[in-house]
Amino acid sequence: MTTTATGRATLLPSVRAFLSSPERLLIGADRVDAADGRTFTTVDPSTEEVLAEVAQASAADVDRAVTAARTAYEAPSPWSRMSPRERSHLLWRIGDLIEAHADELAQLEALDNGKRVEAAKTGDVATAAELFRYFAGWATKIEGTTIPMSVPGRSFHAYTRREPIGVVAAIVPWNFPLLMACFKIVPALTAGNTVILKPAEQTPLTALRLGELLLEAGVPAGVVNVLPGYGDTGAALVEHPGVDKVAFTGSTEVGKKIAAVASGNLKKVSLELGGKAPNIVFADADLDAAVAGAVLGGYFNEGQCCVNGSRLYVQRAVFDEVVEGVAAAAAAIRVGDGFDPSSDMGPLVSPEQHHKVLSYLRGAVAEGAVLCAGSAEPARDRGYFVTPTLLTSVTEQMAVQTDEIFGPVVTAVAFDTEDEVVTAANNTVYGLAAGVWSRDIGTAHRVGSRLRAGTVWLNTWHADDVTLPRGGFKQSGWGRELGSFGLEDYTELKTVIAELR
C-alpha cells in the first residue's frame, strides 16, 4: 500500500457556489431554514475541513414536509393529474439533467463522502442517470390483470390495479449517497408516489442538489422533499402517521428499530440492511480472475459496501497462492485524496467509521489474527484513511469474522470440502450477497444454490445492472430494489369486482 499526496483539483464554479452559503432544507419548492434554526456541519473526509453548514430538520420540519408531500399527492394536484406517459418523459428529462451535471455531482460526492471523483462520476452519477431512464420505460407499463371468477348462476368482471402507496419516507446511507437516494426516489416517482428524502448526516450535499435538479426538470412542488438531519429526523419520519411507507437502506440494527416503530400504524416498510458476504474460491478456479475478484469484492468503495466479499474462503490446496496474490494487490493500492487522479482508494467517511474499523483490526490482531497486508494504524496523519487489509489465522468466532465492519478489511480462511465451506458461509445472521469461483460450472451452480443470499455471483463480483432485483435473506432485509420487483414495492395491489347483470 502507498499513500498519495493531496492533489485536489480546482473545484467547478457551480460547486463553489453551492458551498458558498448555508444549505437549507427542501420543502415543497422552497429551500428553507429548520423551524428551530438548528444546523450541523458536513466535513471533507480527506482533509477534515468543514464543507458547509446544513440545516438540521426537526419533527416540526417533518410535519411541514409531510404536509407538502400529501398535498402534492392528493387529487386534484398537478402530480395526481400527470399521466404515466408524462411521468415517463419527466423521468427521462431528469436522467439527462443528471448527466449534464455529472462533473458537479461527482465533485460534491467526492467532497462529502471521500470517494474518488472518477469513481463517483463513472459509477454513482452515471448509474443514477441510467436509473431514471430505465424506470422511465416502466411508468407506462404498470398494469393489472383480469381474473375469471367461478360463481354459479352469476357473472362478474374482476381485475386488479397497481396504485401508488402515497407518501414515502426514503432514508438512505452515506456510502453511495446520490445513488441510494435514486434507488428510492426513482421507483417511488415511477409509481406516482411523493417522497421525503432523509440523507445521512455525513453526506447531505448531493441529495440537496438532486432536489434542486428535480424541480428544474419539472417535478411539481412537494413531490420530492429533502430533510437533512440525524437519527431523530429519521425517527420522526418513521413515526409520522402521514407517512405511508418507509424505504430504508442501512444497518440491521437501525432496520430493526424502524420495523418496530412502523408497526404502530402498520405502514409499509422495505429494508436493505447489512451484509457479511462469503467469497468462496475452489482449487480449480481461474486463480488470476479469483484474486482480482477478491480484491474488487473486498476493497471496492473503500470497503464501504454492504455486498462486498469481506469473508474470503479458499480451498486449502491454493490458499497460500490466493492469499499472496490478494496481499500483493492490496499493498499496491494507492490510498489518497479522492481528487488526486493517482489515488486508487479514498478515505472512510467519518472519524467514527475510521475509529470503528481500526478498533476491529486491533482487536483481531490482539486475538491472534495475522496481518498479511495493511495495518491496524491510521494510513495518514490527516483524514480518515485506512490501508486495505487482509487477515489470516481468523476463527469463525472473532468479531472481525462475524460483524459487518464496513471498511477495507478482508479475512481469509482455508477450507477442505464443499459441505464445510457452505456451512461456514451460511453461518451468519446476514444474507445479502455471496460468490463462488470454480471452472466446474456444476460446482459453481450447485454451491451457489446452497448459499443463503439475495445475490450470488459465479466467477465474478460486483457485476450488476439496474434491471436486476437486489435485496437480502435473513437479517439483511425485507423486499427488493430495482427492476420490476423493486417497482412493485412502491405500489398497492387493489382487486376490483363488478357484477354483470
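Guide: A term to start with: buried means under 20% relative accessible area, exposed means over 50%, and partly exposed is in between (1.4 Å probe, protein chains only). This is a predicted model, so local features need pLDDT of at least 70, side-chain atom pairs count only at pLDDT 80 or more, and totals for chains, interfaces and linings use all residues. Residues are numbered from 1 along each chain as its sequence is written, and side-chain values use heavy atoms, with hydrogens and water left out.

Visitor: OK. Is Q56 buried or exposed?
Guide: Q56 counts as buried, because its relative accessibility is 9%.

Visitor: Where does Q56 sit?
Guide: In the loop between β5 (50–55) and α2 (59–73). Helices (H or I, at least four residues) and strands (E, at least two) are DSSP runs, numbered from the N terminus.

Visitor: Which residues is Q56 in contact with?
Guide: Contact means heavy atoms within 4.5 Å. Leaving aside neighbours within four places in sequence, the partners of Q56 include A34, D36, R38, P228, G229 and Y230.

Visitor: Now α9. Which of its residues are buried?
Guide: Helix α9 covers residues 231–239, and T233, G234, A236, L237 and V238 are buried there.

Visitor: And what covers the buried residues of α9?
Guide: The cover includes α2, β7 (167–171), β8 (194–198), β10 (245–249) and α10 (252–262).

Visitor: Let's zoom out. How many helices and strands does the protein chain have?
Guide: The protein chain has 17 helices and 21 strands. Its radius of gyration is 24 Å, close to the 23 Å that the globule rule gives for 501 residues, so the chain is as compact as a globular protein of that length. That radius is taken over C-alpha atoms, and the rule is 2.2 Å times the number of residues to the power 0.38.

Visitor: What about domains?
Guide: Domain 1 is 13–273 + 479–494, and domain 2 is 278–466. Such bounds come from an automatic or database domain assignment. The contact takes 30 residues from domain 1 and 29 residues from domain 2.

Visitor: Are L266 and H462 buried or exposed?
Guide: L266 is exposed, because its relative accessible area is 69%. H462 is buried, at 19%.
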